[in-house]
Amino acid sequence: MSNAKHFVNPLRDPQDRRLPRIAGPCALVLFGVTGDLARKKLMPAIYDLANRGLLPPGFGLIGFARRDWENQDFAKIVHDSVKERARTPFREEVWKQLLEGIRFVPGTFDSDESFQTLKQTLDDLDQSQGTGGNHAFYLSIPPKAFDQVISQLKKHGLAKRDQRGAWSRVVIEKPFGHDLASANELERRVSSVFHSQSVFRIDHYLGKETVQNLLALRFANELFEPIWNRNYVDHVQITMAEDIGIGGRAGYYDGVGAARDVIQNHLLQLLALTAMEEPTSFDADQLRAEKRKALAAARPPKDIAAHTARGQYLGGWAGGKQVLGYLEEEGISPQSQTETYAAIRVDIDNRRWAGVPFYLRSAKRMPRRVTEIALNLRRAPHLPFSQTDTEALGSNALVLRIQPDEGITLRFGAKVPATLMEIRDVTMDFAYGTSFAESSPEAYERLILDVLLGDPPLFPQHEEVELSWKILDPILDFWADLDTQPEGYASGTWGPASGITMLARDGFVWRRP
Ligand SMILES: NC(=O)C1=CN([C@@H]2O[C@H](COP(=O)(O)OP(=O)(O)OC[C@H]3O[C@@H](n4cnc5c(N)ncnc54)[C@H](OP(=O)(O)O)[C@@H]3O)[C@@H](O)[C@H]2O)C=CC1
Ligand SMILES: O=C1O[C@H](COP(=O)(O)O)[C@@H](O)[C@H](O)[C@H]1O
């Protein structure tokens, strides 16, 4: 590692086989570099990979956007985003190495000229940086533009292996399609352009350490599996709450909404990992096969009106400041029926889960940012205590804290000291921060590296996408047929009344994480 073009990490031991592999020579083209995702997550993740010594020498990064920028203008955007958001410390020598491979291509998706320039830029980079003709195209853009960009990549010969056998991969953000029919249409298009092994449908929840730990928790321990079924679990709540609004993302979010934005992908993936059987190994085929079976057994509620809820945040005070309502956000039509709160019940028709409802909810402008999976257990069949002894006793629960306070909580009843017999809920906690010295990489770091390595297990296949839309489509159709505004909810609260009622009907209440 003496060549000045190598990203050097003095802390990395190249012999340590537990550490991630280093990507081979390549260039990454980012579409949508002015967007929220690219700025907040992708550019910092690329720098962090470089800083950890996981990018190859001469790595190329090309931004494509409808801006009249030069290479140095784009480099400044990357620099600012890295300084603000990267997880690892800023090191001048790493930045200088990254800078050598940074290029910008101005243009719109419909411009043949821009895609010709992109091709030329990639060829030049191959020459100057030695990227070996290996290219990954990352579509961090609104889903309605996926098809157009893929067509342009094909038209301009960017989707093919060349004579050297160099690879060309595409990374497609979620949601993949708008419903089942459009997802299948998009899949037909994508598979006519890229080989299936070159298509990486990204769901960044699968790159989170805490989500991967779900597999470790379930399958590396003896403790939990015996209770992981309908005999012990009463119901499951999967929550993804955000305190932010849509920010400047009207162009992406409006017409998409909470259900398509995160339930179709992140939350149904969490459900699949929670509900699936043990795979025979963690290789891509086995893992995906088990997730597929779980999703195939999952179905929307029979009574959609009773067991779903949607809402839209209202303006007011939240988190100590004045915030806009969804309909007042820039770029949103005052008549928009897009939901910013969605909650659905899903049932899983198999031996393990029959009769155990899974409740999924997600929303913007909730009181805090938190994602968790809570398995609420049945109550003990008999309590040999007086009623007053157990007034403060809830049901046992196992809560997987996905973020931000990563860890696991086990809730159970314990005797209050110095009382005759009073039982109260207590918790036992595992926290990543106190148990491990190693810090978790950002999900996008892991996933971008996997793309560059061509490592598929963490990327959903089309069948999973299809099955997820099959669960969601009837609900989305039902909501669309209502043709009404979603119920308003005050910003900084846990959502609309209909969300509470939906659970109350089944005798449950949402957790307040
Ligand atoms: N933001 C997030 O936290 C996450 C987002 N995602 C996914 O990432 C994708 C992008 O989302 P996000 O970044 O939030 O969206 P934004 O609306 O913030 O960004 C969209 C980007 O696409 C560009 N764009 C849109 N239309 C065109 C066009 N016709 N020609 C050229 N460029 C265009 C925009 O450029 P311009 O500035 O010129 O409009 C902008 O750079 C979505 O699929 C989303 O689901 C996934 C996980 C997290
Ligand atoms: O996919 C998305 O995720 C983000 C939240 O990601 P997280 O890792 O911070 O939980 C969400 O804000 C965005 O709307 C959605 O597109």
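**Exercise 1. Compare two annotated residues.**
The UniProt annotation "binding site", from an unreviewed entry, covers Arg 66 and Lys 174. The model here is predicted.

*Solution.* 
Step 1. Locate Arg 66. It sits in the loop between β2 (60–65) and α2 (71–85).
Step 2. Locate Lys 174. Its loop runs between β5 (168–172) and α6 (180–193).
Step 3. List the contacts, leaving out residues up to four places away in sequence. Arg 66 touches Gly 107 and Thr 108. Lys 174 touches Ile 202, Asp 203 and Asn 265.

**Exercise 2. Describe the shell around ligand 1.**
How many residues surround ligand 1, and which are the closest?

*Solution.* 
Step 1. Ligand 1 is surrounded by 21 residues. The closest are Gly 32, Gly 35, Asp 36, Leu 37 and Glu 173.
Step 2. Find the elements. Those giving two or more residues to this shell are α1 (36–51) and α8 (250–253).
Step 3. Sort by type. The shell holds nine nonpolar, seven polar and five charged residues.

**Exercise 3. Judge the whole chain.**
What does the radius of gyration say about the chain?

*Solution.* 
Step 1. The chain has 14 helices and 18 strands.
Step 2. Compare. The radius of gyration is 24 Å, close to the 24 Å from the globule rule for 513 residues.
Step 3. Conclude. The chain is therefore as compact as a globular protein of that length.

Key. Residues are numbered from 1 along each chain as its sequence is written. Chains are lettered from A and ligands numbered from 1 in the order in which they are written. This is a predicted model: local features need pLDDT of at least 70, side-chain atom pairs count only at pLDDT 80 or more; totals for chains, interfaces and linings use all residues. A residue is near a molecule or strand if its C-beta atom, placed from the backbone, lies within 6 Å of it. Helices (H or I, at least four residues) and strands (E, at least two) are DSSP runs, numbered from the N terminus. Ala, Val, Leu, Ile, Met, Phe, Trp, Tyr, Cys and Pro count as nonpolar, Asp, Glu, Lys and Arg as charged, and the others, Gly among them, as polar. The radius of gyration is taken over C-alpha atoms; the globule rule is 2.2 Å times the number of residues to the power 0.38. UniProt positions are given in the numbering used here, feature names are shortened, and annotations may be inferred rather than shown by experiment. Two residues are in contact if their C-beta atoms, placed from the backbone, lie within 7 Å.
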